[in-house]
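Colleague: I'm new to this one and would like to learn how to read it. Can we go through it feature by feature?

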Amino acid sequence: MKTFSGIAASPGIAMGRLCIIDRQNVAVAERLVPLETVSHETERLCQAIEHTRIELEQLKTRLATANGEEHLFFIETHLMILADERLVTETTDIIRTGLINAEGALRRILHRYRETFAAMDDPYLRERICDVETVIERVLHSMSGEQSEALPQQEGQLIIAARDFSPADMLQIDRGHVLAIVTEIGGRTSHTAILARALDLPAVMGVDGITDALIDGSAVIVDGLSGTVIVDPDKETFQKLLRSKHRYEYNERELLKTAPLPAITLDGHEMHLRGNVEIPEEGASILRHGGSGVGLYRTEMLFMNRPNMPDEEEQLATYRAMQQAIAPFPLTIRTLDVGGDKLLEGMDNSETNPALGMRAIRLSLSMPDEFKTQLRAILRTTAGGPVRIMFPMISGMEEVRIAKALLEVVKRELSSTGTQFDDAVQVGIMIEIPAAVTLADLMAREVDYFSVGTNDLIQYILAIDRSNEQLSHMYQPLHPAVLRSLRRIVQAAHGAGIPACLCGEMAGDPLYLPVLLGLGFDELSMGAGSILRVKQMLRRCTMDRATRIAEGCFAFSTAAEVEQYLLSQYSLDSDERID
Ligand code: PEP
Ligand code: MG
């Protein structure tokens with residue numbers, strides 16, 4: 001028996017026979033070329049890129065027919081990388097200035113990208129180098145005249161082990177035969193890991209040297225909960241892991257069974273429970289966890305770690321992918337919310353108080369052309385299904401009015417070219433600055449809904465940096481000042497006849513659910529993994545009791561007292577009714 005450790009990338013336990021997929025990178029010899037063949041090398045590069053594009057388009061069509069459109073985002077990402085003209089210009093530069101063959105120049109470019117990505121702070125973005133590598137390998141394959149390899153025939157109950165396993169590979173696996181994935185490369189936030197979770201396949205990643213150390217056909221257990229891979233297990237280990245597997249699957253089945261249950265209280269009061277997402281592949285997970293659409297799509301992800309902003313078409317393609325993933329439910333698209341701790345390349349990072357600096361809607365309004373581009377992409381997305389627009393970090397009425405006026409300008413421009421969009425698209429604002437709470441009654445007359453960003457609102461009400469771990473004990477959602485603000489926001493929204501939503505992290509904690517319900521919130525939006533537990537809590541409450549619990553909170557003057565009171569009102573571990 002041998003045990004390997006790696007990253008627990010996708011939960012679950014699987015037992016099967018090892019199938020090693022050995023896809024070595026294309027061997028590339030760098031060589032000098034004479035000046036007169038430079039244009040020939042450049043042409044070979046362009047042809048290989050075009051050939052790869054056609055191959056990817058064909059793969060996309062094949063997969064859409066076989067597996068549905070749901071996970072095609074990865075291929076879209078690869079097509080986008082391929083379409084980036086810097087790939088051609090920078091590689092051509094190296095060919096021309098270094099007199100190097102196209103393959104060698106492309107390898108140098110890959111090396112350059114690897115260095116750039118490795119220096120990124122955000123682990124998610126750092127791992128996006130896998131996509132660049134996959135694309136460049138495909139182009140190199142194309143130049144070497146080889147067809148990109150399809151996965152070998154899959155039969156039996158297999159555990160696939162590969163040095164690297166691309167998202168496109170994931171999409172080609174036969175789910176009737178493949179039970180789990182083990183890779184040497186990749187981490188929890190790689191697209192492959194995201195897809196493994198979306199496809200409910202246990203995965204362990206970052207297992208150094210596993211493909212060299214093992215023999216095809218060995219008996220293997222993959223424990224995606226602890227991040228271990230056991231080869232040739234003894235009887236005792238096998239029995240132990242079999243019990244863990246049954247326990248895990250039972251618990252998940254029980255929880256997921258509740259996904260189709262309506263999000264209503266015991267006395268029939270409905271609350272929309274939606275998901276927060278950053279990238280389109282999260283959409284499917286929101287639906288699987290019973291979320292009714294997306295209450296917050298943080299679009300800034302698409303804008304970060306790149307020298308230029310995504311153009312209208314790229315934004316449109318990305319928003320549409322998300323829309324399709326959660327159809328027929330609504331998609332709430334928040335306009336760019338950068339600044340503070342989320343910097344774009346080339347952005348000023350010398351602000352003394354970035355949390356109070358040039359960020360979110362202020363930044364968007366300071367660059368109206370770019371803002372209008374985003375609004376155009378969002379409006380065009382409305383033609384494909386229900387979309388709501390949301391403006392972040394609104395601090396006063398001028399911002400609402402100017403943002404809405406720009407939206408009207410964009411609508412007129414689109415109408416004049418006959419472009420389709422939903423003219424009645426709902427426009428909401430995030431309430432996450434104390435000034436917006438104070439002005440909530442006025443603001444409510446100007447918009448279609450409010451969504452409270454408690455992550456920032458708590459930070460600004462209590463003057464506690466939300467990312468300062470030293471002060472985390474003072475970051476208190478149940479602080480009386482926060483609760484009073486929440487009450488005021490709901491009252492203002494309902495006074496104007498618009499819904500009050502909440503999409504900060506506070507929405508995802510079942511402890512707060514009766515309070516938020518009792519305060520009158522109509523909708524909560526949270527990470528996919530929180531939806532079912534919050535719904536469980538909702539289904540144990542009555543509206544009447546939740547209202548009394550929420551009112552009861554206002555009798556206390558500290559967060560600790562409120563928390564004690566809440567815990568005394570209901571036991572989170574039991575199935576007791578809260579009525
Ligand atoms: C919030 O501030 O609560 C929020 C949802 O937005 P973000 O976390 O993206 O700032
Ligand atoms: Mg915020």
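Modeller: Let's start with one residue: Asp-232 counts as partly exposed, at 44% relative accessibility. Buried means under 20% relative accessible area, exposed over 50%, and partly exposed in between, with a 1.4 Å probe and protein chains only. Asp-232 sits in the loop between strand E8 (228-231) and helix H10 (235-256).

Colleague: Before we go on, what kind of model is this, and how are things numbered?

Modeller: This is a predicted model, where local features need pLDDT of at least 70, side-chain atom pairs count only at pLDDT 80 or more, and totals for chains, interfaces and linings use all residues. Residues are numbered from 1 along each chain as its sequence is written, chains are lettered from A and ligands numbered from 1 in the order in which they are written, and side-chain values use heavy atoms, with hydrogens and water left out.

Colleague: Back to Asp-232, then. What is its phi?

Modeller: The general idea is that most residues other than glycine have a negative phi, and most peptide bonds are trans. Asp-232 has a phi near 50°, a positive value in a residue other than glycine. Ala-463 is not a glycine either, and its phi is positive, about 55°.

Colleague: Is Ala-463 buried or exposed?

Modeller: Ala-463 counts as exposed, at 65% relative accessibility. You'll find Ala-463 in the loop between H18 and H19.

Colleague: Which residues does the cis peptide bond join?

Modeller: The bond joins Ala-327 and Pro-328, with omega about 5°. Pro-328 is in the loop between H12 and strand E11 (331-334).

Colleague: Let's zoom out. How many helices and strands does the chain have?

Modeller: Helices (H or I, at least four residues) and strands (E, at least two) are DSSP runs, numbered from the N terminus. The chain has 23 helices and 16 strands. Its radius of gyration is 26 Å, close to the 25 Å that the globule rule gives for 579 residues, so the chain is as compact as a globular protein of that length. That radius is taken over C-alpha atoms, and the rule is 2.2 Å times the number of residues to the power 0.38. Along its principal axes, the C-alpha trace spans about 80 × 65 × 45 Å.

Colleague: What share of the residues counts as buried?

Modeller: Of the 579 residues, 54% count as buried. For contacts, the idea is heavy atoms within 4.5 Å. Among contacts between residues at least 6 apart in sequence, 69% join residues at least 24 apart.

Colleague: How do I read a metal site? What coordinates the magnesium ion?

Modeller: Donors are N, O and S atoms within 2.8 Å of the metal (3.2 Å for Na, K and Ca), and water is not among the atoms, so sites may look incomplete. Here the magnesium ion (ligand 2) is coordinated by Glu-432 (OE) and Asp-456 (OD), at 2.0 to 2.2 Å. The pair links distant parts of the chain, 24 residues apart: Glu-432 is in the loop between strand E13 (426-431) and helix H16 (434-438), while Asp-456 is in helix H18 (residues 454-462). Both Glu-432 and Asp-456 are buried.

Colleague: Now some packing. What does Glu-300 touch?

Modeller: Not counting residues up to four places away in sequence, Glu-300 touches Arg-334, Thr-335, Leu-336, Asp-337, Val-338 and Lys-342. Glu-300 is buried, with a relative accessible area of 3%, and is found in the loop between strand E10 (294-298) and helix H12 (312-326).

Colleague: And where does Tyr-113 lie?

Modeller: Tyr-113 lies in helix H4 (residues 102-118) and counts as buried, at 18% relative accessibility. Leaving aside neighbours within four places in sequence, the contacts of Tyr-113 include Leu-87, Ile-129 and Val-132. Tyr-113 and Val-132 are 19 residues apart along the chain, and their C-alpha atoms are separated by 7.9 Å.

Colleague: Last one: which helices do the buried residues of H22 pack against?

Modeller: They pack against helix H19 (480-495), helix H20 (513-519) and helix H23 (559-569). Helix H22 covers residues 543-553, and its buried residues include Met-543, Ile-549 and Cys-553.
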